[in-house]
Amino acid sequence: MGENHHLIERANVEQMKNKELLRLAQTLKLSILDRKILREELVDKIMKEIDFRNEADGPEFILHTPAINIESLIKRFGKKVAVWGLNLQVNPGEIVGLVGPNGAGKTTTLRILTGIIKPTSGSVEVNGFDMLSDPIRAKSTIGYIPEKPTCYPSLTVREYITFMARIYEVPAEVALVRMRQFVDMFQLDEFLDSYIGTLSKGNLQRALLVGIFVRNPPYVLALDEPIYGLDPRGAWNLKAYLKQLRDEGSAILISTHILEVAADLCDRFVIMNESTVVGRGTLDELLASQENATNLEEVFLSLTGGIPQ
Ligand SMILES: Nc1ncnc2c1ncn2[C@@H]1O[C@H](COP(=O)(O)OP(=O)(O)OP(=O)(O)O)[C@@H](O)[C@H]1O
Ligand SMILES: [Mg+2]
């Protein structure tokens, strides 16, 4: 931490296409008098202007601790109890795995956390703001990838990312650089001008991720099975980037039942079964509490119905 979050690295500018560099120069209101300018010189000019603006930037933005605070959460759908008395905190600099079998209440928890549905009782705070009484501020730092991604079908990927940047008040020049950075990271270049409605499931998920990462970190992330739809390279890139964000102070809550992903990525776990928490802690703590378990899978099985013989 301690870095300026508006900081644009030279390497990120260098990866931009020529057309995008010219857009960026325009956005920065650089006067380019030569009819022909070397790409390298243009990058120099852009970096000079960006460094100048970085210095004028405000203080670094740090999340409230805990960044996610769920207390005594209960959710009923009619007679069905989906979440029963959940307490869950995530601090800045942590990735927490919410794991549990089908129907345990993971998606319901994330939908309440992001303000999509209301709890029956209990409270949810994001970055110190109450989701019920202060939803706009609570939602301003949260990034959500739903279990079944949906999105404006008639926007192109580029339009959607630009739209997200505007809503979250990201400066236009920062948005241009970040769009290229994450479109490359998630290999979306080919689809930048495709309509969202035509994307495959995995590519839609990638577009939604870029729509989050175009914003200024640190983030509070609620990711529902984010790895599931991605191919191995997409999954690897996402995992590596989530770890970097964690190290830079983001707070990340991930629901998954892919336990290999959870074990590799998460600092600690909350295990749910049939709406209640049946175990929590780091992998070592969970292993110590279940003497017949040797890995996360066996901890999971023994806490959620027993290890099959
Ligand atoms: N809108 C709804 N109306 C009625 N019941 C619901 C609704 N949403 C969820 N439920 C029920 O609440 C319980 C928890 O569902 P939830 O989707 O949170 O589980 P999950 O842990 O995400 O499962 P999965 O691993 O399959 O995604 C389930 O029994 C589900 O059928
Ligand atoms: Mg779910």
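Student: What stands opposite Leu 221 in E7?

Tutor: Gly 143 does. This is a predicted model, in which local features need pLDDT of at least 70, side-chain atom pairs count only at pLDDT 80 or more, and totals for chains, interfaces and linings use all residues. Residues are numbered from 1 along each chain as its sequence is written, while chains are lettered from A and ligands numbered from 1 in the order in which they are written.

Student: In which sense do E6 and E7 pair, parallel or antiparallel?

Tutor: Parallel, over four bridges, with strand E6 covering residues 142–145. Two strands pair if DSSP finds at least two bridges between them. Strands (E, at least two residues) and helices (H or I, at least four) are DSSP runs, numbered from the N terminus.

Student: And how many bridges link E7 and E8?

Tutor: Five, again in the parallel sense, and E8 spans residues 251–256. There Leu 221 stands opposite Ile 252.

Student: Why is E7 called largely enclosed?

Tutor: Because five of the five residues of E7 (residues 220–224) are buried. Buried means 20 or more other C-beta atoms within 10 Å of the residue's own, exposed means 12 or fewer, and partly exposed is in between, with C-beta atoms placed from the backbone.

Student: Which residues of E7 point which way?

Tutor: Val 220, Ala 222 and Asp 224 point one way, and Leu 221 and Leu 223 the other way. In a regular strand the side chains alternate between the two faces of the sheet.

Student: Switching topic. What is the strand order in the open sheet?

Tutor: The order is E2-E1-E4-E5, with antiparallel pairing. E2 (80–90) and E5 (129–130) are the edge strands, each pairing on one side only. Helix H4 (residues 106–113) packs on that sheet and touches E1, E2 and strand E4 (121–126). The direction of H4 makes about 120° with that of E1. Contact means C-beta atoms, placed from the backbone, within 7 Å; axes are lines fitted to C-alpha atoms, for helices over the stretch in contact, and angles run from 0 to 180 degrees between N-to-C directions.

Student: What about E1 with E2, how many bridges?

Tutor: Eight, antiparallel, with E1 at residues 68–77. Ile 74 stands opposite Trp 84, and Lys 75 has Val 83 as its bridge partner. Two residues lie between the strands of this hairpin, where Gly 78 takes a positive phi near 60°.

Student: Now ligand 1. Which residues come nearest?

Tutor: Of the 13 residues around ligand 1, Phe 77, Ala 82, Asn 102, Thr 107 and Thr 108 come nearest. Near means a C-beta atom, placed from the backbone, within 6 Å of the molecule or strand. E2 and H4 are the elements giving two or more residues to the shell, and H4 gives the most, with three.

Student: Last one: is Glu 20 buried, exposed or partly exposed?

Tutor: Glu 20 is partly exposed, because it has 16 other C-beta atoms within 10 Å. Glu 20 is found in helix H2 (residues 18–27). Neighbours within four places in sequence aside, Glu 20 is in contact with Leu 176 and Arg 180. Glu 20 and Val 177 are 157 residues apart in sequence but 8.4 Å apart in space, C-alpha to C-alpha.

Methods
Contact = placed C-beta atoms within 7 Å.
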